[in-house]
Amino acid sequence: MTLTLDRQDLMPGTHLIGAEWREASDGHRLDVTDPATDTVFASVPDGTAADARAAVDAAHAAFPAWRAVPAKQRAQILKRWNDLMVAHQDDLGHLISREQGKPLAEGKGEVLYAASYVEWFAEEATRANGEVIPAPVTGRRMMALKEPVGVVAAITPWNFPAAMIARKIAPALAAGCTVVCKPAEDTPLTSLALVKLAQQAGVPAGVLNIVTASRERTPGVVDAWLDDARVRKITFTGSTPVGKHLARRSADTLKKLSLELGGNAPFIVFDDADVDAAVEGLMVAKFRNGGQTCVCPNRVFVQAGVHDAFVEKLGARVGALQVGPATEADSQIGPMINARAVDKIDRHVRDAVARGARVVVGGERLRSARCDGPNYYAPTVLANADATMECSCEETFGPVVPVTRFETEAEVVAAANDTPFGLAAYFYSTDVRRIARVADALESGLVGINEGALAAEAAPFGGVKESGYGREGSVHGLEDYMHIKYVCQGQL
Ligand code: SIN
């Protein structure tokens with residue numbers, strides 16, 4: 001079944017290189033599948049390395065003029081883009097839900113979340129101040145000026161088809177960079193619609209280019225960008241192995257990198273916590289997008305004194321979640337993105353059970369008249385989880401909550417940090433001294449204290465350790481797209 005939008009031109013069916021919406025250089029197409037039914041409902045160009053190079057040609061040619069556009073004017077274009085995203089929230093929300101599977105309310109919510117980054121960076125564009133440095137000798141003026149890095153390649157994941165691309169493109173354009181981007185093969189439609197709206201907002205030809213490509217052809221597209229010295233920065237959200245590959249392959253041309261990679265977030269509930277608030281915080285943090293977020297809790301640690309009460313309350317809340325397609329208004333958890341994702345979730349659950357976990361609720365694939373497709377998984381709580389289980393070592397990226405009992409603060413902090421990853425961490429406590437101690441001790445780029453919803457455009461988002469480097473959002477998000485030029489004027 002096709003998708004009907006108020007503005008059907010938001011599904012251009014082609015990708016944008018320079019001024020032209022075009023087919024792939026060899027005419028190949030990529031099917032787009034609805035994860036709820038596993039059926040094809042649209043298609044886009046299956047881009048080639050030649051398309052990728054053409055996109056860099058366009059972005060490189062457009063760079064001198066775009067960087068020279070006054071920041072205020074760039075900001076106005078971004079503000080118009082934000083306004084158009086908000087005005088077309090319904091169409092964009094439907095696109096997101098259809099290609100990604102999240103419930104419609106979440107899809108529409110993601111549009112506003114994405115737009116909030118565009119609005120934020122429109123405002124930041126005009127505040128990219130440099131410095132005048134007091135000179136150590138007379139007759140000199142010393143300045144630190146901020147400049148756009150140049151052509152940026154943005155490579156984005158499928159879990160937030162609008163937000164991830166917006167929070168890369170918006171700071172790049174605000175800084176005066178030009179962009180080539182490639183959305184995930186599962187979710188190209190939302191990105192194409194956003195680029196269409198950016199064009200309508202006044203982003204000039206060549207400043208923003210998009211190449212869509214299948215899983216098989218993505219390496220060709222990305223390699224063309226990695227090999228091209230004109231691409232000065234790669235910004236990527238996705239898995240740690242791919243991030244490491246990009247870092248290695250960028251070394252020859254020493255590109256600047258922002259890497260937002262995998263997580264393995266701990267969620268800790270201490271005996272002194274408000275247990276009801278902790279259950280609610282976990283529901284928010286874990287089940288957003290069906291557990292398909294890099295920041296969602298992957299390991300839940302509950303102190304012995306509140307463990308049983310917590311597991312009971314959590315089991316009741318999780319068991320009541322309504323699973324179904326985005327088209328059903330009451331769906332809270334949609335299908336997973338594809339069969340590979342469901343297989344991984346199921347493998348983690350089977351492994352945990354084989355190693356001694358107890359299924360409190362869920363624990364199986366779902367198929368019913370309502371969940372009429374192969375990609376549904378029941379929201380699951382596992383008790384007796386431990387560090388040997390696959391679900392404790394790797395991101396499950398699905399609606400599974402493994403709970404581990406612990407006794408002491410020292411023990412749980414060591415366990416929380418016992419992972420190569422460090423993106424998000426959460427804990428619930430009412431003890432002010434403990435709150436300060438644990439926040440300091442957690443090795444993580446983001447820490448939620450008595451709070452399950454962390455992300456906001458004004459906050460720096462990014463990881464430590466093998467969760468990557470660079471920050472998105474906040475003032476730091478703009479700096480990632482600029483370098484500093486020191487200018488020293490003598491003979492004054
Ligand atoms: C992510 O899953 O990578 C992003 C989640 C967020 O923006 O909160």
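A cavity, as I use the word here, is a set of grid points where a 1.4 Å probe fits but cannot get out. A molecule sits in one if more than half of its atoms lie within 2 Å of the cavity's grid points. The model I am reading is predicted.

**Entry 1: where the ligand is**

I looked up the place of the ligand, and by that rule the ligand sits in the largest cavity. I noted a volume of about 80 Å³ for this cavity. My count of cavities of 30 Å³ or more came to 3.

**Entry 2: what surrounds the ligand**

I listed the shell around the ligand: Y113, N159, F160, M164, R167, E260, R288, T293, C294, V295, A455 and F461. Sorted by class, I get 7 nonpolar, 2 polar and 3 charged residues in this shell. I then listed the lining of the largest cavity, and wrote down Y113, N159, F160, M164, R167, E260, R288, T293, C294, V295, A455 and F461. The lining of the largest cavity divides by class into 7 nonpolar, 2 polar and 3 charged residues.

Which atoms of Y113 and C294 lie by an oxygen atom of the ligand? For Y113, I found a polar side-chain atom 2.6 Å from a ligand oxygen. For E260, an N or O atom of the side chain is 3.1 Å from an oxygen atom of the ligand. For C294, a backbone N or O atom lies 2.7 Å from a ligand oxygen. I also looked up the cover: the ligand taken alone exposes 260 Å², and the protein buries 100% of that.

**Entry 3: the second largest cavity**

I put the space in the second largest cavity at about 70 Å³. I count 15 residues in its lining, with P266, A416, F421, G422 and E443 nearest the centre. The elements giving two or more residues to this lining are β12 (265-269), α13 (409-417), β17 (421-422) and β18 (424-428). By class, I have 7 nonpolar, 6 polar and 2 charged residues in the lining of the second largest cavity.

**Entry 4: the largest pocket**

How much space lies in the largest pocket? I find about 1200 Å³. The largest pocket has 39 lining residues, and I marked W158, R215, G238, S239 and V242 as those nearest its centre. At least two residues of the pocket lining come from each of α7 (218-227), β10 (231-237), α8 (240-250) and α11 (339-354). I sorted the pocket lining into 18 nonpolar, 12 polar and 9 charged residues.

Technical notes: Residues numbered from 1 in each chain as written. Heavy atoms only, no water. Near = heavy atom within 4 Å. Polar contact = N/O pair within 3.5 Å; in protein donor to acceptor, adjacent residues only side chain to side chain. Areas by Shrake-Rupley, 256 points an atom, 1.4 Å probe, with all protein chains shown as cover. 1 Å grid on protein atoms, 1.4 Å probe; cavity = no way out; pocket = protein on both sides within 12 Å on 5 of 7 lines; lining within 4 Å. Nonpolar A, V, L, I, M, F, W, Y, C, P; charged D, E, K, R; others polar. Points joined across faces, edges and corners; volume = space filled by probe spheres on them. Helix = DSSP H or I, 4+ residues; strand = E, 2+ residues; numbered from the N terminus.
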